[in-house]
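The sequence and the structure come first.

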Amino acid sequence: QKTYLEETGTATITSAIVEYQPDDSPSSTKKEQPTAFNLALREASVRLQQAKNSGRGHQVITSVPIFARCQRCGQLPIEKIIRIGNQDFEICRVCFSKQTIPSSLYPGDRLKTSPSAGESFRNADFPNLIEDLGDQSQPKNFIALVNADGNNIGKIIENYIHQEADLIALSSILTETIEYALIEAVKASMGTSASKIPIIPILIGGDDVMFLTPGHLGIPIAVALCQNFKHKFNQLIQEKTKDNPSLFQSNPPEAVMSAGVVIAKTSHPLFALDELSEELLKSAKQYSKELSSFGIISTIDFRVITTPTANPLKKVRQTEFRIAEDRFATSRPYAIDTLNDLARPSWEDVYQAILRLKKENFPNNKIHSLQNILRNRSLLQAELDLMNFRAHITEKQHEIMKEINSSMHLNQCNLLFLTNHLNPAQLISPLPDLEEIYEFI
């Protein structure tokens with residue numbers, strides 16, 4: 001706690017300590033009977049959550065009544081001026097301290113020294129400024145903050161960790177998985193001759209990842225990251241249990257990852273993007289839980305911000321995206337991969353629809369017209385406007401829209417909406433999502 005307060009200014013850490021007496025022969029313990037180590041882990045988890053929920057912790061009170069905020073974190077008073085390149089930045093004491101952190105602790109250096117890095121990745125450089133990412137973005141001056149996290153890792157620890165060897169193996173697997181998943185996702189966006197790594201890593205630890213990237217790379221890298229995580233985690237679990245069958249009591253766990261992606265102008269305050277990305281990640285993880293009947297599913301939620309300020313996600317979804325009591329102008333969040341038995345589009349379906357529209361040079365104004373039509377509060381009027389829309393597009397454009405509607409399950413209800421499988425009384429539509437993210441794909 002003391003170190004956190006001194007070095008970060010605002011952050012604190014919560015911990016729980018539980019003593020336990022090791023079993024005499026944990027390997028012979030029956031699967032249905034938790035070991036002493038497993039019981040201690042569960043107790044520690046409960047105590048940790050209780051400590052977090054108690055609200056105990058240090059309150060940081062800034063004694064300066066009026067002050068200019070740090071240009072980097074946007075929270076604490078300015079105390080120092082640093083120069084990066086040809087630009088001066090007025091920053092707080094905490095952000096100044098971060099500039100002196102040994103490079104070995106920088107998440108980017110951890111990636112470069114990873115066995116998964118490869119020569120081309122090690123020889124490339126990370127950007128120095130957020131503006132560098134904005135310059136690479138298509139369209140220009142946009143960045144994406146990606147916030148990703150493994151799903152139900154706490155449940156895995158509770159249900160699959162029976163001895164210290166299990167916990168050590170899981171920790172090793174997560175470390176290798178997260179590095180591999182991120183590096184391979186970034187490599188895919190770099191090309192073979194790129195000299196710049198298109199991300200600024202913020203956090204890489206356990207099953208958590210947060211980084212900045214050019215606006216148009218936010219979702220592609222996030223999707224690849226989640227897919228790589230699932231593949232590598234399950235691969236390493238199988239390898240570890242093959243070498244040591246006693247691990248996890250011969251009952252290997254599975255894990256997936258979900259992600260929240262917020263895309264905004266480079267000038268948007270980072271602390272605001274951080275809050276938005278957390279909301280999106282929570283939304284994606286909640287949807288993964290709701291899809292549990294389909295298996296362990298990777299999910300993603302996203303939002304594009306074009307204004308200086310942004311309302312909380314829940315308020316936006318309940319007001320701006322709510323057309324009527326039972327109709328919503330969004331289908332977010334999305335399962336990343338297509339689920340055959342789910343009558344609802346996945347992110348892959350939306351992505352393929354965007355690629356098809358771009359390949360055929362489908363007019364952007366036609367896509368925008370569709371969104372305006374579905375936002376009509378009268379469903380009957382919306383259907384009449386849709387008939388008028390179809391009368392004013394070419395036969396080829398009509399066929400393209402017909403194929404896309406089918407792939408996104410819009411033909412199951414009508415050409416604008418589909419039934420929300422989680423709440424059959426609601427109608428939802430992926431068309432506004434498609435338009436919102438269109439220029440960043």
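## Helix α10

The buried residues of α10 are A272, L273, L276, S277, L280, L281, S283, A284, Y287 and S288, where buried means under 20% relative accessible area, exposed over 50%, and partly exposed in between, with a 1.4 Å probe and protein chains only. Those buried residues pack against β3, β5 (208-214), β6 (257-265), β7 (299-304), α11 (313-318) and β10 (334-335). Contact here means heavy atoms within 4.5 Å.

α10 has 21 residues, which at 1.5 Å a residue should span 30 Å, and its end C-alpha atoms are 30 Å apart, which agrees. The expected span of a helix is 1.5 Å times one less than its number of residues.

## The model and the chain

This is a predicted model, in which local features need pLDDT of at least 70 and side-chain atom pairs count only at pLDDT 80 or more, while totals for chains, interfaces and linings use all residues. Residues are numbered from 1 along each chain as its sequence is written, and side-chain values use heavy atoms, with hydrogens and water left out.

The secondary structure of the chain comes to 16 helices and 12 strands. Helices (H or I, at least four residues) and strands (E, at least two) are DSSP runs, numbered from the N terminus. Of the 441 residues of the chain, 45% count as buried. Among contacts between residues at least 6 apart in sequence, 68% join residues at least 24 apart.

## The second largest pocket

α10 also takes part in a pocket: seven residues, the largest share of the lining of the second largest pocket, come from α10. The space in this pocket is about 1,000 Å³. Its lining has 29 residues, and the closest to the centre are D149, N152, I153, G154 and K155. At least two lining residues each come from α2 (36-53), β3 (142-150), α7 (153-160), α8 (164-190) and α10 (270-290). By class, the lining has eight nonpolar, 10 polar and 11 charged residues.

Pockets and cavities are found on a 1 Å grid over the protein atoms alone: a cavity is a set of points where a 1.4 Å probe fits but cannot get out, and a pocket is an open set with protein on both sides within 12 Å along at least five of seven lines; lining residues have an atom within 4 Å of a point. Grid points are joined across faces, edges and corners, and a volume is the space filled by probe spheres set on the points. Ala, Val, Leu, Ile, Met, Phe, Trp, Tyr, Cys and Pro count as nonpolar, Asp, Glu, Lys and Arg as charged, and the others, Gly among them, as polar.

## Helix α15

Helix α15 (residues 395-407) has 13 residues that should span 18 Å at 1.5 Å a residue; its end C-alpha atoms are 19 Å apart, which agrees. Its buried residues are Q397, I400, M401, I404 and N405. They cover an arc of only 130 degrees around the axis, which puts them on the same side of α15; the arc is that of the directions from the helix axis to the C-beta atoms. An α-helix has 3.6 residues a turn, so residues three or four places apart point the same way.

The cover over the buried residues of α15 includes α12 (347-359) and α13 (364-374). On the face turned away from the buried side, α15 carries the exposed residues E395, K396 and K402.

## The cavity

A search of the whole structure finds one cavity of 30 Å³ or more. About 40 Å³ of space lies in the largest cavity, which is lined by L357, I367, L370, M401, L431 and L434. Two or more of these lining residues come from each of α13 and α16 (431-437). The lining divides into six nonpolar, no polar and no charged residues.

## Backbone exceptions

Most residues other than glycine have a negative phi, and most peptide bonds are trans. The peptide bond from Q138 to P139 is cis, with omega near 5 degrees, and P139 is in the loop between α6 (130-136) and β3. R332 and P333 are also joined by a cis peptide bond, with omega about -5 degrees; P333 is in the loop between β9 (327-328) and β10.

N152 is not a glycine but has a positive phi of about 60 degrees. N152 is in the loop between β3 and α7 and is partly exposed, with a relative accessible area of 42%. N361, in the loop between α12 and α13, has a positive phi of about 55 degrees and is exposed, with a relative accessible area of 63%. Just after α15, H409 takes a positive phi of about 65 degrees.
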